[in-house]
Amino acid sequence: METGNTFLGSWICLLLVISVALAKAVNNTEGNTAASEKAVRQSQSLCAGEQDYVHKRKLVVLESLSSLGINCTTDSVPHIALLASGGGQRAAVGLVGSLYQMEKEHLLDSLLYLGSVSGSTWSMSSIYGDPQWSANLDAAVSRLSGPGVQLEEALAWLGERAREEHFSLSDVWGVLTSAGIMKQMDIRRLSDEASRNATNPYPIYSAIEKYSYSNGPIQGKWFEVSPHEAGFTELGLFISTSLLGSKFKNGELLEGKPEMDMVKLQGILGCALAHEEIIRDFIPPWLNVPGQIDGAAEHYLRVYNALNTLVALTRSTIKDPTALSDLEKLQKILEVRDIENLNKSVWLESKSSEERKRLLGQWSLELLAAVQTWSQSLEDGPGMNRPVSMLAKQVLPLIIKWEWGTTGNFLYQYQDSTVPPYLRSTERFHLTDAGLLINVGYPSFLGEKRDIDLIIAPEYSAGNMFETLTLARDYAAEVNKPFPEIDATILEDGDWPKGCYVLEGKEKEPTIVYMPLFNRHNCKDAAEFKANMEKFSTFQRPYNQEKIDFVLATAKANIKTNKETLLREIKKAVLRRDNKM
């Protein structure tokens with residue numbers, strides 16, 4: 001992973017503000033408190049607010065289809081969703097490019113829904129800051145290359161969050177991805193969009209509940225958030241989005257808390273680093289002895305990779321020469337303690353798991369001691385350097401604790417046997433990046449609830465091509481929802497995919513138009529495809545302008561190239577909807 005020098009200055013001041021805020025922190029009881037108010041809705045149907053929005057949006061879709069020469073009635077308006085995959089900044093930039101070209105090809109207003117996961121939530125949350133974004137995507141493109149956020153603005157936001165009960169690494173991640181990648185601090189609330197007109201597709205964001213992801217059951221895993229409601233997709237249990245994070249007991253609202261803003265929500269939805277499984281991917285082969293990877297190895301890699309990633313993100317937020325110099329010193333400390341530079345011979349000579357655990361513990365202590373020594377040297381130096389030491393004092397404890405997405409649990413002591421025991425017994429749960437389960441938001445769009453006819457699926461994911469499709473197929477089978485058949489021959493194209501695949505839905509199955517970002521249209525062979533996937537990997541420092549432009553152009557070209565396929569499938573979706581009436 002490539003890292004750089006800007007991180008420290010931002011973190012210096014960032015953590016100074018956190019320190020001050022924490023010192024002054026009091027119980028934050030802002031918001032409305034309402035005792036004995038039943039606030040949990042249990043249903044597998046759309047809430048009234050979404051129904052009303054969708055009804056209005058269908059009029060926009062109807063007009064759009066008419067302009068494309070596609071005849072249909074209000075009753076036969078197809079339910080079309082564009083579901084953007086995750087994939088870090090590649091997905092964030094790619095989604096903007098795809099939507100931009102959809103608008104240029106007069107296809108954007110055919111969408112009833114827009115869904116996102118992981119990295120694509122960064123740009124989706126950003127573009128919805130403009131109530132008229134569907135007609136103003138030039139602004140969204142320009143923002144990707146914009147001047148960014150003033151340091152003071154980011155510091156003020158993080159200082160406020162530090163006073164809250166559920167302050168976690170998701171807040172840190174959110175402010176840095178907002179400021180450093182999306183170049184915007186959007187402090188609106190998602191529920192603010194509930195009262196908007198239907199100019200834009202209806203947005204659905206996705207997360208997973210971390211404990212349920214690891215321990216099951218499947219009904220407690222997928223979590224969706226819309227302007228109107230937030231809740232567990234398969235359980236059919238929802239609350240008003242404005243109440244997400246408030247205190248509940250047995251389905252009653254005990255204490256209202258202020259609704260999280262889009263910066264915090266972005267940090268929760270797009271934080272793949274929160275997952276231990278992601279950390280394991282960084283373990284080098286020599287360390288990966290079967291049966292010997294335990295908590296000690298993961299602990300070391302958590303601390304190292306979190307620092308490395310946060311260094312890279314913060315680099316894009318400041319330019320102060322003193323901060324750059326300070327950050328360079330920290331970067332050198334990290335480079336020396338890169339796990340690839342550790343003593344391999346000592347590790348390989350260790351005879352037991354206990355010896356390896358002790359060795360990893362020693363390495364972890366040495367890493368922390370080195371960072372703390374660096375911090376102390378700044379504190380003992382000139383006054384202007386002292387805030388830098390807040391990095392070790394405030395961020396490192398959060399990294400060691402490794403707490404992400406802490407949120408008030410609205411199902412605490414909820415009296416219903418369908419709710420998993422864990423969700424009934426804990427006052428807090430942890431929402432995090434849904435991409436680890438499925439890197440496309442299919443679960444929210446399968447089945448009768450939203451009754452989708454056509455899914456347009458631009459694929460920005462890293463890893464195994466077509467994996468999002470096979471995982472969604474398996475998920476659908478487990479929850480007994482329809483999903484189109486995947487031709488086995490498609491899966492043979494994983495090393496060099498075509499630009500577009502159509503999975504034809506039958507009866508209640510949605511049709512899926514699957515479009516890999518890198519493909520045979522823009523990569524001359526499998527080697528170039530692999531090279532592009534590596535060049536634009538998920539975990540790296542924020543893109544320079546050249547990389548942003550390349551991903552934008554690639555995503556736009558994919559939509560333009562596949563316009564006729566999309567039009568054909570939209571026409572079929574009209575017929576499908578008409579046959580359902």
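Does C500 count as buried or exposed, and at what relative accessibility?

Reply: C500 counts as buried because its relative accessibility is 17%, where buried means under 20% relative accessible area, exposed means over 50%, and partly exposed lies in between (1.4 Å probe, protein chains only). The model is predicted: local features need pLDDT of at least 70, side-chain atom pairs count only at pLDDT 80 or more, and totals for chains, interfaces and linings use all residues. Residues are numbered from 1 along each chain as its sequence is written, and side-chain values use heavy atoms, with hydrogens and water left out.

Another cysteine, C47, also counts as buried, because its relative accessibility is 9%. A search of the whole structure for disulfides, that is, pairs of cysteine sulfur atoms within 2.5 Å, finds zero.

The chain as a whole gives the setting. Buried residues make up 60% of its 581 residues. The chain has 20 helices and 15 strands; helices (H or I, at least four residues) and strands (E, at least two) are DSSP runs, numbered from the N terminus. Contact means heavy atoms within 4.5 Å. Among contacts between residues at least 6 apart in sequence, 78% join residues at least 24 apart.

D493 is found in the loop between α17 (467-478) and β14 (501-503). With 13% relative accessibility, D493 counts as buried. Leaving out residues up to four places away in sequence, D493 touches F466, K498, Y501 and R520. The side chains of D493 and R520 are joined by a polar contact of 3.4 Å. Such a contact is a pair of N or O atoms within 3.5 Å; within protein, one must be able to donate a hydrogen and the other to accept it, and residues adjacent in sequence count only if both atoms are side-chain atoms. D493 also lies 8.3 Å from M465, C-alpha to C-alpha, although 28 residues separate the two in sequence.

A462 is partly exposed, with a relative accessible area of 35%. Its contacts, apart from neighbours within four places in sequence, are R90, M533 and T538. A462 and M533 are 71 residues apart in sequence, yet their C-alpha atoms are 6.7 Å apart.

Helix α2 (residues 48-67) has 20 residues, which at 1.5 Å a residue should span 28 Å; its end C-alpha atoms are 29 Å apart, which agrees. The expected span is 1.5 Å times one less than the number of residues. The buried residues of α2 are E50, Y53, V54, R57, K58, V61, S64 and L65. Seen down the axis of α2, these residues fall within an arc of 155 degrees, so they line one face of the helix; the arc is that of the directions from the helix axis to the C-beta atoms. An α-helix has 3.6 residues a turn, so residues three or four places apart point the same way. On the other side of α2, A48 and E63 are exposed. The cover over its buried residues includes β4 (113-116), β5 (202-209) and α20 (563-580). After α2 comes G69, whose phi is positive, near 80 degrees.

N200 is in contact with Y53 and R57, and also with Y128, D130, P131, Q132, W133 and S134, residues up to four places away in sequence not being counted. N200 lies in the loop between α7 (169-180) and β5 and is buried, with a relative accessible area of 2%. A polar atom of its side chain lies 2.9 Å from the backbone oxygen of P131.

Helix α4 (residues 119-127) has nine of its nine residues buried, so it is largely enclosed by the rest of the structure. Those residues pack against α3, β4, α5 (137-143), α7, β5 and α9 (262-269).

A nonpolar core is a set of buried Ala, Val, Leu, Ile, Met, Phe, Trp, Tyr and Cys residues joined through side-chain atoms within 4.5 Å. The largest has 127 residues, of which Y113, F223, F410 and Y442 touch the most other members. Helix α3 (residues 88-104) gives the most to this core, with eight residues. A second, separate core of 12 residues includes W157, L158, F167 and V172.
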